[in-house]
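User: Hi, I'm new to this one and would like someone to walk me through it. Could we look at it together?

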Amino acid sequence: MIPTEPIGSIPRPQYLVDAHRAWSAGELPEEDFARACDQALDDTLRRFEQTGSPVVTDGEQAKSSFLTYPLEGAGFLAEGGPAIPFDDGHTRQLPVLAEGPFRFQKYADAYLRKAMARTGAAVKQAVIAPSALSLLYPQDELAAYPRQQFFADLVAEGVRDIRRCLDAGADSVQLDFTEARLSIKLDPSKELLRDFIRLNNCVIEQFAPEDRARIGVHVCPGGDQDSTHSLDVDYLDLLPELFALRAGRFYLQLASEPDRGRVLDIVRRVSYSNQRIFVGVTDPISSSVETPEEVCERVLEAADYLPVERLGTCDDCGFSPFADDESTSRDTAFAKIHARVEGTRLAASKLGA
């Protein structure tokens, strides 16, 4: 079979959206919030199984966002970090590091273990790329906590986050590197992108080759409240640099690209034979639900450029990377996932995979 996987987040049910807001405001006890998260997790896994998904996630139901889960409850942060602007005008602002040392407050295997205890399906786990968390360090050096020490601590924590997930039995671990494309918009010289890639490789390269085969990288132009932050950045500017990452899997947004064939031709030319390419075949930002036949055609198109043994499919992005994002319904998300699973199976049959 051609492997097919979700990226990560699933829209939360309304009761959980409300619980996230109340808990964040200090208006809901921790045990009540945990109960709501567990209820949503059970429903998420049940609905994943109904789609026939061979690989599932916890849907990030308990995360405040794909980006900030290691920071929840941290006492070393302050307000006023960098803001990420989206094309519709809204922004997401990060905190800023006020003091050291930098440590994760929560590791992703906590979410993974809960999901694995509730399903017999293979479970993948998304983690935040160290490059994203590097943005927490202020522009001015902290006198008592030098930048280089922060980077050393950040790499150590990134390795620990991935290692704990692999050791817990994750089918794969996906680094969310959504700032890759955005970095070119911020710095067209691509020096920022190269710095990000070097930093992420400092983490990935600490794993044995057999582990790196289970470590993937997801890139996209952002997807929040039905808007993106860097769709106008040409993939040609990103992809030749991206495949310098030592990961074994790459999850690429593709369904929403206006010229998929051009992107696939670039991937064919610049990726390496030991890298499996998961192409996005469903667009979480679009309210239109793809049919299995449409997904099948997208897989067959990708197979014109890549050997089927290197090919996989995924959604373009998570459906709700931030807990307050209500732009897509759960029903729509799972309908798209079902189309992805069935369309991939149909294509595999046609290709004799």
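User: Before we start, what kind of model is it, and how are residues numbered?

Analyst: This is a predicted model, in which local features need pLDDT of at least 70 and side-chain atom pairs count only at pLDDT 80 or more, while totals for chains, interfaces and linings use all residues. Residues are numbered from 1 along each chain as its sequence is written, and side-chain values use heavy atoms, with hydrogens and water left out.

User: OK, what is the strand order in the open sheet?

Analyst: The open sheet has seven strands in the order S1-S13-S12-S11-S10-S9-S8, with parallel pairing. Strands, and helices too, are DSSP runs numbered from the N terminus (helices are H or I with at least four residues, strands are E with at least two), and two strands pair if DSSP finds at least two bridges between them.

User: And which strands stand at the edges?

Analyst: Those are S1 (4-5) and S8 (125-128), and because each has a single partner strand, one side of each is left without a neighbour in the sheet.

User: How many bridges are there between S10 and S11?

Analyst: Strand S10 (residues 215-219) and strand S11 (residues 249-252) pair in the parallel sense over four bridges, and His218 has Tyr251 of S11 as its bridge partner.

User: What packs on the sheet there?

Analyst: Helix H9 (residues 235-242) packs on the sheet and touches S10 and S11, its direction making about 170° with that of S11. Helix H11 (residues 292-303) also packs on the sheet, touching strand S12 (276-282) and strand S13 (311-315), and its direction makes about 150° with that of S12. For these angles, axes are lines fitted to C-alpha atoms, for helices over the stretch in contact, and angles run from 0 to 180 degrees between N-to-C directions.

User: Is S12 mostly enclosed or open?

Analyst: S12 is largely enclosed by the rest of the structure, because six of its seven residues are buried. Here buried means under 20% relative accessible area, exposed means over 50%, and partly exposed lies in between (1.4 Å probe, protein chains only).

User: How do H10 and H11 cross?

Analyst: The axes of helix H10 (residues 260-270) and H11 come within 10 Å and cross at roughly 40°. H10 and H11 are therefore oblique to each other, a label for angles left over once those under 35 degrees count as roughly parallel, those over 145 as roughly antiparallel and those from 65 to 115 as roughly perpendicular.

User: Which residues make that contact?

Analyst: On the H10 side they are Arg260, Gly261 and Leu264, and on the H11 side Arg298, Glu301 and Ala302, where contact means heavy atoms within 4.5 Å. In H10, Gly261, Val263, Leu264, Ile266 and Val267 are buried, and what covers the buried residues of H10 includes H9, S11, S12 and H11.

User: Changing topic, how many salt bridges are there?

Analyst: A search of the whole structure finds 35 salt bridges, each being a side-chain nitrogen of Lys or Arg within 4 Å of a carboxyl oxygen of Asp or Glu.

User: Which distant parts of the chain do they link?

Analyst: One of them is between Arg47 and Asp331, whose closest N and O atoms are 2.7 Å apart. Arg47 is in helix H2 and Asp331 in helix H12 (residues 330-351), 284 residues apart, and Arg47 is buried, with a relative accessible area of 18%. Another is between Glu290 and Lys336 (3.0 Å, N to O). Glu290 lies in the loop between S12 and H11 and Lys336 in helix H12, so the pair ties together parts that are 46 residues apart in sequence. Both Glu290 and Lys336 are buried.
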